[in-house]
Amino acid sequence: MPDPTAGFPASTTTSLPDAASVRIDCPAKTNMMLRVGRERTEAGNRHRLETLYCGIGVYDTVTLRPRRPGSGYTLTLEGEHLGDLAEAGRGAGPGGAKPTVDPAHAIENHAVRALLAMSDAYAIPPDIAITISKGIPVGAGLGGGSADAAGTLLGLKHMWGLAGPTSILEPIASQLGADMPFCLHGGLAIGTGFGQRLRIVEESSELGNKLRAEGFLGETLVGAYRTQLSTAEVYGVFDRLGSDPGDVNDLQRAALQLHPRSGAAIALALSAGATHAFVSGSGPSVIACVKDGDVSAAVQEAWHRHGAVDRSIRALSPVGPVLRAAGAIANASVRQ
Ligand SMILES: C[C@](O)(CO)[C@H](O)COP(=O)(O)OP(=O)(O)OC[C@H]1O[C@@H](n2ccc(N)nc2=O)[C@H](O)[C@@H]1O
Ligand SMILES: Nc1ncnc2c1ncn2[C@@H]1O[C@H](COP(=O)(O)OP(=O)(O)OP(=O)(O)O)[C@@H](O)[C@H]1O
């Protein structure tokens, strides 16, 4: 059934756990346009990309809390839809707190990788308790791991009093993953290279106004699945099949080959009145751009009548990360 409450930050109304904590609402990302070069010429045997990133209002919430000096980090995961993260072993948290992820799994989490990268870069011990409340479907093409890593970088920058604009974090972010530099900012941006080279697009710019006029921005529906797709596998199928002309996302043909239900969801959304509908990133989730609540309801009804998605999430776009700390609430991304 539709998930009416999702798509809005869980922590919008809740206070911080304690004065020293920082909480970041991290939105998902999609690619309103994704052009993929046929050659793997970028770092890490990656395809060259040109993409239009957009922050989508489906959120993970990352909370960072300082721990006793020398005690190291802990990771706690919360949420109903943890995908393959749910397999991570859990043990009793320190002092009987919520179960934490065992170290062997925690080290693989993108938020922990971000903490360790920041700790190395600034020579500050990683004595931090990380709690992630997952609202972004996992392995969905929505950049959930990238969002959590970017949120962790933003939270540590605030916690550790690092001066300068958000862009000082981009070199660390791009080492961690292609979508992470964008996830630091949210909103709209053109990505080139393998996605890590960004040009921010202001919503009030000519391109921003054009996107809004063409119905890409505003009320959005995310069609989500329990199934995950491997980004590597999708790019591998892209190498074989290429893309379909007319798709906004060059990976769509490969994603639909691996997950046909997404194709049914796209067709149903368009026939129910969506202005645009496409696979998000490497999939399988589907983004439907809808002009108002009536069309949103019609699309959700068609999706659920035909079992085309496992759940649908209402969201707004474009949005960016929001940081909350004692005495501060701000758009987490501070530009030059
Ligand atoms: C699909 C997108 O989310 C669109 O924004 C990104 O391109 C994903 O980029 P990413 O996070 O770097 O993807 P990863 O999960 O690290 O990459 C897994 C594998 O996908 C392939 N890959 C990834 C990105 C890229 N530009 N070309 C590729 O061929 C590579 O084999 C890579 O080893
Ligand atoms: N904090 C995290 N949240 C989600 N997945 C994570 C996280 N840390 C590590 N992962 C791993 O990353 C893999 C991809 O998860 P993610 O949700 O980022 O996929 P995605 O949305 O398809 O990413 P992209 O759109 O960048 O391809 C998962 O299989 C998961 O095991």
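**Exercise 1.** Determine which element gives the largest share of the shell around ligand 1.

*Solution.* The model is predicted; local features need pLDDT of at least 70 and side-chain atom pairs pLDDT 80 or more, whereas totals for chains, interfaces and linings use all residues. Residues are numbered from 1 along each chain as its sequence is written, chains are lettered from A and ligands numbered from 1 in the order in which they are written, and side-chain values use heavy atoms, without hydrogens and water.

Step 1. Strand S1 (22-36), strand S2 (49-66) and helix H7 (231-241) each contribute at least two shell residues; helices (H or I, at least four residues) and strands (E, at least two) are DSSP runs, numbered from the N terminus.

Step 2. H7 provides the largest share, 3 residues.

**Exercise 2.** Identify the residues that come nearest to ligand 1.

*Solution.* Step 1. The ligand has 16 residues around it, where near means a heavy atom within 4 Å.

Step 2. Asn31, Arg46, His47, Asp179 and Tyr235 come nearest.

**Exercise 3.** Describe the polar contacts (pairs of N or O atoms within 3.5 Å) that His47, Asp179 and Tyr235 make with ligand 1.

*Solution.* Step 1. For His47, a backbone N or O atom lies 2.8 Å from a ligand nitrogen atom.

Step 2. Asp179 places a polar side-chain atom 2.6 Å from an oxygen atom of ligand 1.

Step 3. In Tyr235, a side-chain N or O atom is 2.7 Å from a ligand oxygen atom.

**Exercise 4.** State which domains supply at least three residues each to the shell around ligand 1.

*Solution.* Domain 1 (10-202) and domain 2 (206-317) do; their bounds come from an automatic or database domain assignment.

Definitions and conventions:
A polar contact is a pair of N or O atoms within 3.5 Å; within protein, one must be able to donate a hydrogen and the other to accept it, and residues adjacent in sequence count only if both atoms are side-chain atoms.
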